[in-house]
Structure formats: structure tokens, C-alpha cells
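Work through the exercises below with the structure open. Try each task before you read its solution.

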Amino acid sequence: MKIFRAAQIPPEAGDPRTFTGAVTRTTLASDTSERAGTPVNVYRVAFEPGARTYWHTHDGPQWLFVIEGRIRIQKLGEPAQEADAGDAIVIQPGEKHWHGATAGSRGAHLAVNVNAKTNWMEPVTDEQYRA
């Protein structure tokens with residue numbers, strides 16, 4: 001058993017090569033050891049209004065649990081949707097997508113990446129975000 005102490009894990013600013021706007025990301029827990037069997041990473045990501053990820057895919061599933069405010073998310077080829085605190089989203093391997101806060105409010109989610117590496121792509125344009 002391992003306990004990940006929140007007080008010992010500093011948040012970091014979102015990388016401007018993969019995020020637009022003010023974003024704070026904290027790695028809450030990670031186990032990629034052979035003993036774990038399936039690698040899992042858990043992140044808390046907080047977005048200020050209008051902030052968002054770039055387009056990206058994962059080679060394994062990603063689960064998002066909205067814990068504060070409202071999140072805007074879009075899968076390529078589909079309309080953007082919004083999810084509120086308490087909602088959960090499952091993103092399948094290979095689905096090109098982005099997620100972030102809505103234009104009018106902050107949003108935060110827990111991201112659970114199961115045996116998944118992220119393939120970052122191009123920024124989400126303002127037009128795509130607003131659509």
C-alpha cells in the first residue's frame with residue numbers, strides 16, 4: 001500500500017505547449033511499476049474560464065470526473081458538450097478530443113489515465129471552442 005499525500009504534491013502550471021489559458025495540474029497518484037500490472041496515473045486539472053487542452057488522443061482509456069464547476073469537452077466530428085460537477089466522462093483509446101472550462105466559469109476534473117500515454121496535437125482554436 002502507498003498513500004499519496006496531497007500536501008506533498010505541488011501543483012504546476014499547465015504547459016503552454018499543450019494547454020491554452022490558465023491551467024493548474026497536479027499529479028495526485030501514479031503507479032507504473034511492473035507490480036501494478038496496469039499503469040494508472042491520476043491528475044487533478046483546474047481550468048480558469050475559457051482555458052482548455054489542445055487536441056489530443058490517448059492510447060488507453062481516460063476517465064474524467066468533474067469535481068468543480070463546469071467542463072466543456074468535444075470529440076472530433078461531434079458537437080462540444082458540457083458536464084457539471086458530479087458528472088463522469090469516458091474517453092476511448094484513439095478518440096481525438098479536448099476538454100477545458102466553459103467560457104463563463106472555472107472547472108476542475110480528475111483525470112484517470114489507464115495504461116494510457118497522451119499524444120498531443122494542435123491547439124483548439126477560439127472558433128472551435130465557441131462552436
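**Exercise 1.** Decide whether W63 is buried, partly exposed or exposed. Then classify its ring pair with F65.

*Solution.* This is a predicted model. Step one: W63 has a relative accessible area of 38%. Buried needs under 20% and exposed needs over 50%. So W63 is partly exposed. Step two: F65 has a relative accessible area of 33%, so F65 is partly exposed as well. Step three: the ring centres of W63 and F65 are 6.1 Å apart, with the planes at 25°. Stacked pairs have planes under 30 degrees apart. The pair is therefore stacked.

**Exercise 2.** Classify the ring pair of F19 and W120, and find where each residue sits.

*Solution.* Step one: a search of the whole structure gives four aromatic pairs. In the pair of F19 and W120, the centres lie 5.7 Å apart and the planes meet at 55°, so the pair is tilted. F19 is in strand β2 (residues 19-20) and W120 is in strand β12 (residues 118-120). Step three: check burial. F19 is buried, because its relative accessibility is 9%. W120, at 34%, is partly exposed. Step four: look for a cluster. Ring pairs join F19 and W120 with F47.

**Exercise 3.** Describe the surroundings of R72.

*Solution.* Step one: locate R72 in strand β7. Step two: its relative accessibility is 11%, so R72 counts as buried. Step three: list contacts beyond four places in sequence. Among them are A80, E82, W98, T102, Y129 and A131. The R72 side chain reaches the backbone oxygen of A131 at 2.6 Å. Step five: look at the ring of Y129. R72 lies over its face, 5.7 Å from the ring centre. The charged end of R52 also sits over the Y129 ring, at 4.5 Å from the centre.

**Exercise 4.** Which residues touch the most other members of the largest nonpolar core, and which elements supply two or more residues to this core?

*Solution.* Step one: this core has 15 residues, and V23, V45, F47, L64 and I89 touch the most other members. Step two: the elements are β4 (40-47), β7 (62-75) and β9 (88-91). β7 gives the most, with four residues. Step three: look apart from this core. Another core has five residues, including W55, W98, V124 and Y129.

Notes: Residues numbered from 1 in each chain as written. Predicted model: local features only at pLDDT ≥ 70, side-chain atom pairs only at ≥ 80, totals over all residues. Heavy atoms only, no water. Core = buried A, V, L, I, M, F, W, Y, C linked by side-chain atoms within 4.5 Å. Buried < 20%, exposed > 50% of the residue type's maximum accessible area, 1.4 Å probe, protein only. Polar contact = N/O pair within 3.5 Å; in protein donor to acceptor, adjacent residues only side chain to side chain. Contact = heavy atoms within 4.5 Å. Phe/Tyr/Trp six-rings, centres within 6.5 Å; stacked < 30°, edge-to-face > 60°. Lys NZ or Arg CZ within 6 Å of the ring centre and 35° of its normal.
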